[in-house]
Amino acid sequence: MSEAILQVKGLTKKFGGVAAVNDCSLEVRKGSITGLIGPNGAGKTTLFNLITGFLVPDAGKVFFKGKDITSLTPHQVFKSRLFRSFQIARDYPEMTVLENLMVICEEQLGEGLFNAWFRSGQVQNQQKQFARKAVDILKFIELEQKKDLPAKYLSGGEKKLLEIARMMMVDLDMVLLDEPGAGVPPALQDKIMSHIQNLSRERGLTLFIVEHDMDIIMNICDTIIVMVEGRNFTQGTPQQVRSNPAVIEAYLGRGGEEKKHE
Amino acid sequence: MVNYLSSYLVMACIYAMLALSLNMQWGYTGLMNFGIGAFYMVGAYTSAILCGLPSPEHLGGFHLPILMGMAGAACMAGLIAYLVAIPALKLRGGPFAIALLAIQETFFLIIKNESWLTNGVWGIRDIPQPFFSLVNPRFYVFIYLIIAIVALTLTYLSMERAVNSPWGRVLRAIREDETLTDMSGKDCFNFRRQSFVFSSMVAGLAGAVYVHYTGFVSPQTFSPLMSTFLVWLMVMVGGTGNNRGVILGAFLVWGVWVGSDFITNLVPASVATQIGFIRMFLVGIILTVTVLTRPQGLLTQKLSNIQLIEEEKHA
């Protein structure tokens, strides 16, 4: 067992009177693929927003690699090599697929106005390297033909692939994936899942995945955390979670459990 | 006639600089700046005060060289933009537009009423004009046309280089999806502020180029219609997000604006006195036709600056 890379301690976020995340504590082991499941409204996406700095928690702390990242903004969180995807794939519709990938590169010389004006040679050289890397990645995920198309012409599934390509552009330690399989046809879903497993296996990324498709979760995760009403309800291996009657009850209510026994 | 054409071109160059400034904000960064005239006005008055002759009625008379006046105008507009950015850039979209609208109105009132500073509605006279003594005043407009073209060219080149660099790509990324850009490790507030301050400096420079052309400045020039909405129309007609497009838009719209003078000879005298309204009417028609038939503007935005690099690679 390796140590925890992400620790969430007593995190609470209230919207009006409703606690979306309520005193939630959990740990994600380094190098693992950890699933996060729970009924609708359990606070999974809010938890992701709290971890990555899009929301400020009312109470509690988030530690990443032992460092307190609770009060950081998203771009500072990114600098500690933590990235996330979004429930509905985000992209830059009016920019080409290639540009979509190149934005994320770090330490770009040309992002300073002075360099952009007076050192364009160096800037161009660096951009060529980034472009080469982006093209290699697009080849790998089989989107190379579309590299000069605006991202708005990609299908929903291709946009999900683009998000995974974006994660390959930079060195990351951990990625939070918010429903990577949602709204994707089954054939493409397998492809996306194999790319996701590849992220973990080849690049050693720690993955923390919210997903409603139980087949996906059970197949690729080594630990599953169940969240109910803003809390860490239970956790364990897929086997343990699957056979835990309390989880089934939380998902389907008491009626569901009775139905199962029928 | 040639004189007339030249003076049209000088003003069109000045408006083209304003259109470039607005295009960087709206076309590339997505900042809906409805107060660009404020920075144009600040630039104009700064240069007028720095370079003007001493006068008992208002601040000024520093009689600095004109180039320093222009630099001062750009710096002052940039400084004010930096300060305005602190509260205003927390807003986005419509609320940002309204905040800037209010800022323009505030500056307009300050300049109109603080006579010790700006001589109020009477304006500042006798602002020096560069190389004025070199030629016959009748031909001075040609000299100034060269200055205006140089200023526009420099602005255009620096803008093009900036927006086609990775810096400009981050601006476009912010326009397209700020959440994702933020998560991708870019300090979006900082980039938006850089874009806002730099383009406001360009607007300030345009103001300086204007006052040294006319030699006179008063608040009337900077009404929201003349200094903001006309510029918006130029950007929309020319092509949001395309620097060449907005320059074309500026020349076209300004052409229609001054060209409507010629109508006065063709219509009955009773209509000719209403020429100001005919202008507005024409401008309204242009706007409507643009929005209905070519909402993206005459020239569409260029998609990518990286294609070039790739082609080079394959070659």
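This is a predicted model: local features need pLDDT of at least 70, side-chain atom pairs count only at pLDDT 80 or more; totals for chains, interfaces and linings use all residues.
**Domains of chain A**

Chain A splits into two parts, domain 1 and domain 2. Domain 1 is built from two stretches, 4–91 and 172–261. Domain 2 covers 93–153. Taken over C-alpha atoms, the centres of these domains of chain A are 30 Å apart.

**A sheet and its helix**

Chain A holds an open sheet of 4 strands. The order is β2-β1-β4-β5, and the pairing is antiparallel. In general, strands of a sheet pair through backbone hydrogen bonds. The edge strands are β2(A) and β5(A), and each pairs on one side only. Strand β4(A) is joined to β5(A) by 2 bridges. Across this pair, F64(A) stands opposite K67(A), which lies in β5(A).

Helix α1(A) lies across β1, β2 and β4 of chain A. The angle between α1(A) and β2(A) is about 70°.

| Element of chain A | Residues |
|---|---|
| Helix α1 | 44–51 |
| Strand β1 | 4–15 |
| Strand β2 | 18–29 |
| Strand β4 | 59–64 |
| Strand β5 | 67–68 |

**Where chain A meets chain B**

How many residues of each chain are in contact? Chain A has 35 and chain B has 30. On the side of chain A, the elements that give two or more residues are α2 (74–79), β6 (82–84), α3 (97–102), α4 (113–118) and α5 (120–140). Helix α5(A) gives the most, with 6 residues. What kinds of residue make up this side of chain A? They divide into 16 nonpolar, 9 polar and 10 charged.

How values were computed: Residues are numbered from 1 along each chain as its sequence is written. Chains are lettered from A and ligands numbered from 1 in the order in which they are written. Two residues are in contact if their C-beta atoms, placed from the backbone, lie within 7 Å. Ala, Val, Leu, Ile, Met, Phe, Trp, Tyr, Cys and Pro count as nonpolar, Asp, Glu, Lys and Arg as charged, and the others, Gly among them, as polar. Domain bounds come from an automatic or database domain assignment. Two strands pair if DSSP finds at least two bridges between them. Axes are lines fitted to C-alpha atoms, for helices over the stretch in contact, and angles run from 0 to 180 degrees between N-to-C directions.
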